[in-house]
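Subject: Structure handover

Hello,

Here is the structure for your files. My notes on what was found in it follow below.

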Amino acid sequence: MNQLNRLFRRKGWWLLTAIVLFFIGGSWGIYQQYYSGKMYYTQITTVGQKKVEQDDQGENHVSYQYQQKAYDDQGRLKKVDFNGVKSTPLKHQAYLQLRVNSLKGVVSWQKVDRNEVPRKALKKLSAD
């Protein structure tokens, strides 16, 4: 009986370890599928389309919707739609780095300096 008990304890730790690793791997996979993406670069050349939405309390929330051409580090074009999530338009001529997910589109963006934009993307943006 003592040997059987030790065997179950040892196998129990392996089973617990396998379950934890499966959970961590699955969580990572789901995160990668929904929140990761490829980096693209764009330059704000329009004011954007103003969008006003009202919440449940009756407050208005203003944001700006943009439809832009964006380029990856190899200069490949992708047309993207994203929300500025600001009550004022994004700064004209500002460079943005966009994280674009194949399922959800643009999942995040951040302003970058011109010298942070890859050369091939910058060349394409300058030609537009």
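A polar contact here is a pair of N or O atoms within 3.5 Å, and within protein one of them must be able to donate a hydrogen and the other to accept it. Please keep in mind that this is a predicted model.

Asp-72 sits in the loop between S3 and S4. A polar atom of its side chain lies 2.9 Å from the backbone nitrogen of Gln-74, and the side chain of Asp-72 also reaches the backbone nitrogen of Arg-76, at 2.8 Å. With a relative accessible area of 0%, Asp-72 is buried. Leaving out residues up to four places away in sequence, Asp-72 touches Lys-38, Met-39, Tyr-40 and Ala-121.

On the nonpolar side, the largest core has 12 residues, among them Tyr-40, Tyr-64, Tyr-66, Phe-82 and Leu-98. At least two residues of this core come from each of strand S3 (60-71), strand S4 (77-83) and strand S5 (95-101). Another core, of eight residues, lies apart from it and includes Tyr-41, Tyr-71, Ala-121 and Leu-122.

The count of aromatic pairs comes to one. It is formed by Tyr-66 and Phe-82, which are stacked at 5.5 Å centre to centre, with 20 degrees between the planes. Tyr-66 belongs to strand S3 and Phe-82 to strand S4, so the pair ties together parts that are 16 residues apart in sequence. Tyr-66 counts as buried at 0% relative accessibility, and Phe-82 counts as buried at 3%.

Regards

Key. Residues numbered from 1 in each chain as written. Predicted model: local features only at pLDDT ≥ 70, side-chain atom pairs only at ≥ 80, totals over all residues. Heavy atoms only, no water. Core = buried A, V, L, I, M, F, W, Y, C linked by side-chain atoms within 4.5 Å. Buried < 20%, exposed > 50% of the residue type's maximum accessible area, 1.4 Å probe, protein only. Helix = DSSP H or I, 4+ residues; strand = E, 2+ residues; numbered from the N terminus. Contact = heavy atoms within 4.5 Å. Phe/Tyr/Trp six-rings, centres within 6.5 Å; stacked < 30°, edge-to-face > 60°.
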